[in-house]
Amino acid sequence: MTDLSTTPDAQAHEEIDGFQLVIDALKLNGIDTIFGLPGIPITDLTRRAQANHMRMISFRHEQNAGNAAAIAGFMTQKPGICLTVSAPGFLNGLTALANATTNCFPMILISGSSEREVVDLQQGDYEEMDQLAVAKPLCKAAFRVLHAEDIGVGIARAIRAAVSGRPGGVYLDLPAKLFAQSIDAAIGRNTLIKVVDPAPRQIPAADAVTRALELLKGAKRPLILLGKGAAYAQADDDIRALVEKTGIPYLPMSMAKGLLPDTHDQSAAAARSYVLPEADVVLLIGARLNWLLSHGKGKTWGGKGSKAWGGQKFIQIDISPQEADSNVRIDAPVVGDIGSCVAALLAGIGSNWSKPPAEWLDSITERKTRNVAKMAETLAKNPTPMNFHSALNVVRDIVKANPDALLVNEGANALDFTRSIVDMYKPRKRLDVGTWGVMGIGMGFCVAAAVVSNEPVIAIEGDSAFGFSGMEVETICRYNLPVCIVVFNNNGVYKGTDVNPTGGTDAAPTTFVKGARYDKIIEAFGGVGVHATTPEQLRAAMEEAIRSRQPTLINAVIDETAGTESGRITALNPTSAKKK
Ligand code: OXT
Ligand code: ADP
Ligand code: MG
């Protein structure tokens with residue numbers, strides 16, 4: 001290209017193109033990382049993002065880039081950006097966008113798209129698809145930008161939609177023609193918007209706070225439930241103060257583990273099935289009464305039938321005013337951001353709040369002690385082959401010794417046992433399958449966790465779960481990320497023992513190649529592969545992975561008979577009503 005910038009005329013007409021405006025708009029808003037996969041029409045955008053000192057993390061499949069963006073959003077409260085090509089690339093990213101929206105993670109999926117005129121007349125363009133229409137029902141908001149002058153507004157709207165109120169996924173459609181448009185540089189730069197206060201605080205109404213405190217004060221068996229909204233809110237000190245000043249026992253949902261250390265005296269996690277039905281007043285902080293909490297009713301909550309109310313009164317802190325009453329009556333909704341709501345409750349509590357009755361606390365301690373002792377006994381066993389417990393006993397120690405490390409976790413048994421066995425010590429360190437129980441978040445989450453935090457990342461992966469995103473071990477090696485993947489290899493989905501009932505040669509649907517060596521996969525890309533058949537080997541390999549910060553994959557051989565169908569959620573498997 002001829003450099004005309006020295007001539008006075010060219011100076012007067014300095015131009016800026018759509019590529020640069022997108023990059024400048026993101027950077028202006030403090031976004032410094034893009035997770036994506038190049039191709040028409042966004043290849044140059046990926047190159048130029050890198051040339052402009054953005055971190056451009058290139059994946060092998062868009063779904064993993066999308067999952068990375070989503071969890072980066074959860075960790076940072078800034079929208080994670082996923083960049084894809086049109087139609088198939090967009091669709092690959094869309095699953096992650098929908099999952100982000102379901103989990104209330106802020107994320108923006110930016111996809112290039114084909115020529116509007118051709119797409120709208122369905123004339124068969126390259127990768128033709130009306131992406132905006134497809135995305136709309138699956139995300140919080142969707143926008144398209146047609147003119148370079150509107151890029152600033154488009155990105156500002158996407159950022160606000162992703163992080164304000166209940167966070168979620170946003171789709172931004174950028175047609176191929178937009179990137180090449182050039183406009184006067186000064187005018188173009190002037191169109192960019194630095195979003196002021198993108199997630200404004202939402203102060204709860206004073207009467208809502210009073211109502212909640214009245215209810216809590218009258219409780220004989222109060223319980224606090226912390227959800228991943230509480231972890232997202234980054235109001236860690238106030239949440240801890242609220243728990244400690246009231247003396248109320250609390251239960252962390254999976255991704256809220258570590259908000260207070262799991263070893264905290266007031267944690268009732270080890271007495272979950274006792275406290276849920278017994279509690280009389282439950283304070284929900286950033287947790288929905290969805291399937292993970294049995295919809296707030298039924299036997300889990302002491303109800304007489306599967307849908308019967310257990311008699312609890314609920315206080316619910318949530319930023320979404322529509323969340324209350326979605327499953328059972330909420331007697332005291334407190335609508336606002338968690339930071340403001342918890343601060344308001346704390347102010348109302350003052351210094352002479354009476355702790356819950358000793359009878360309630362003692363009965364919880366008794367159950368906890370019993371369950372913890374039972375667990376310790378199981379963990380101390382050393383069977384051959386390893387089972388979930390003997391392997392997780394090692395992981396538990398390693399996480400304890402490295403409380404800043406992030407723990408990514410997916411699978412069924414590999415998920416459920418890890419959740420209850422491995423204690424977390426710090427907020428937002430446990431990243432898992434979330435609201436959908438989705439498989440495939442593993443390697444995307446690992447990449448983002450390492451890129452965002454620069455801390456070591458440990459992934460505990462069922463062998464099935466790992467398969468959904470396994471090719472990203474190349475990405476992990478390429479960026480030399482400090483990720484230690486442990487594949488709990490029990491030869492299948494849930495377990496490896498099913499057989500084809502016909503006696504035919506096809507494998508049973510839940511089983512994989514027996515004795516597979518997942519460790520060999522990472523060796524292909526220069527990472528460290530370890531085959532571990534004993535807790536000692538597993539411990540040595542994990543310690544070395546954390547010390548060296550080398551990408552590592554440990555194939556941990558687990559007894560193929562040890563798992564349960566669907567892990568802890570066996571009851572959700574439909575069984576035929578047909579009489580045999
Ligand atoms: O109180 P009780 O006595 O009940 O005891 C509880 C606690 O009190 C106690 N506890 C403790 N005891 C002692 N000490 C401590 N510290 C302690 N802490 C707790 O332990 C128990 C259990 O506690 P928990 O877990 O808190 O309680 P509970 O009752 O389990 O809680 C209920 C739930 C619902 C909140 C909880 O179970 C939960 O969060 N569950 C999430 C479940 C989930 O999301 N599962 C993943 C989905 S399963 C299935 O869908 C799979 N698929 C299909 C598929 C999916 N998902 N996605 C896609 C895209 N395609 C397909 C597939 C393919 S899983 C899967 C792969 C599986 O195979 P893998 O090879 O990957 O994995 P393996 O199974 O390992 O082979
Ligand atoms: P879990 O699965 O851990 O129970 P959920 O995803 O069901 O958690 O619930 C998270 C809730 O937190 C959502 O209802 C969401 O609206 C809410 N939330 C997220 N961020 C905030 C925030 N900053 N302030 C208030 N509520 C929030
Ligand atoms: Mg398995």
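This is a predicted model: local features need pLDDT of at least 70, side-chain atom pairs count only at pLDDT 80 or more; totals for chains, interfaces and linings use all residues.

**Stop 1: ligand 1**

Now colour the shell by class.

Next, look for polar contacts:

- Select Ser273: a polar atom of its side chain is 2.7 Å from an oxygen atom of ligand 1.
- Select Asn490: an N or O atom in its side chain lies 3.0 Å from an oxygen atom of ligand 1.
- Select Ser420: here a polar backbone atom is 3.4 Å from a nitrogen atom of ligand 1.

How much of the accessible area of ligand 1 does the protein cover? On its own, ligand 1 has 1400 Å², and the protein covers 79% of that.

**Stop 2: ligand 2**

Move to ligand 2. Its surroundings count 19 residues. Arg166, Lys228, Arg288, Asp318 and Ile338 are the closest. Select helix H12 (residues 228-232) as well. H12 gives the most to this shell, with three residues.

By class, the shell around ligand 2 splits into eight nonpolar, six polar and five charged residues.

Which atoms come up to the oxygen atoms of ligand 2?

- Lys228 has a polar backbone atom 2.7 Å from an oxygen atom of ligand 2.
- Arg288 brings a polar side-chain atom to 2.8 Å from an oxygen atom of ligand 2.
- Gly286 has a backbone N or O atom 3.3 Å from an oxygen atom of ligand 2.

Taken alone, ligand 2 exposes 580 Å². The protein buries 96% of that area.

**Stop 3: aromatic pairs**

Start with Trp301 and Phe314. Their rings are 5.3 Å apart, centre to centre, with 70° between the planes. That makes the pair edge-to-face. Where do the two partners sit? Trp301 is in the loop between strand E11 (281-285) and strand E12 (313-318), while Phe314 is in E12. The pair links distant parts of the chain, 13 residues apart.

Then select Phe466 and Tyr518. The ring centres are 5.9 Å apart and the planes stand at 90°, so this pair is edge-to-face. Phe466 belongs to helix H20, and Tyr518 to the loop between strand E17 (483-489) and helix H22 (519-523), so the pair ties together parts 52 residues apart in sequence. Both Phe466 and Tyr518 are buried.

For a cluster, select Phe74, Phe105 and Tyr232. Ring pairs link these three.

**Stop 4: charges over rings**

Select Arg367 and Tyr274. Arg367 lies over the face of Tyr274, 4.0 Å from the ring centre. Then try Arg329 with Trp309. The charged end of Arg329 sits over the ring of Trp309, 5.4 Å from its centre.

**Stop 5: two loops**

Go back to the loop between E17 and H22, where Thr511 has its place. Why does Thr511 count as buried? Its relative accessible area is 14%, and buried means under 20%. A polar side-chain atom of Thr511 lies 2.9 Å from the backbone oxygen of Ala508.

Finish at Glu128, in the loop between helix H6 (116-120) and helix H7 (131-135). Glu128 is partly exposed, with a relative accessible area of 25%. Glu128 and Val118 are 10 residues apart along the chain, and their C-alpha atoms are separated by 8.0 Å.

Methods
Residues are numbered from 1 along each chain as its sequence is written. Chains are lettered from A and ligands numbered from 1 in the order in which they are written. Side-chain values use heavy atoms; hydrogens and water are left out. A polar contact is a pair of N or O atoms within 3.5 Å; within protein, one must be able to donate a hydrogen and the other to accept it, and residues adjacent in sequence count only if both atoms are side-chain atoms. Accessible areas come from the Shrake-Rupley method with a 1.4 Å probe; for residues, only the protein chains shown count as cover. Rings of Phe, Tyr and Trp (its six-membered ring) pair if their centres lie within 6.5 Å; planes under 30 degrees apart count as stacked, over 60 as edge-to-face and the rest as tilted. Helices (H or I, at least four residues) and strands (E, at least two) are DSSP runs, numbered from the N terminus. Buried means under 20% relative accessible area, exposed over 50%, partly exposed in between (1.4 Å probe, protein chains only). A charge sits over a ring if NZ of Lys or CZ of Arg is within 6 Å of the ring centre and within 35 degrees of the ring normal. A residue is near a molecule or strand if one of its heavy atoms lies within 4 Å of it. Ala, Val, Leu, Ile, Met, Phe, Trp, Tyr, Cys and Pro count as nonpolar, Asp, Glu, Lys and Arg as charged, and the others, Gly among them, as polar.
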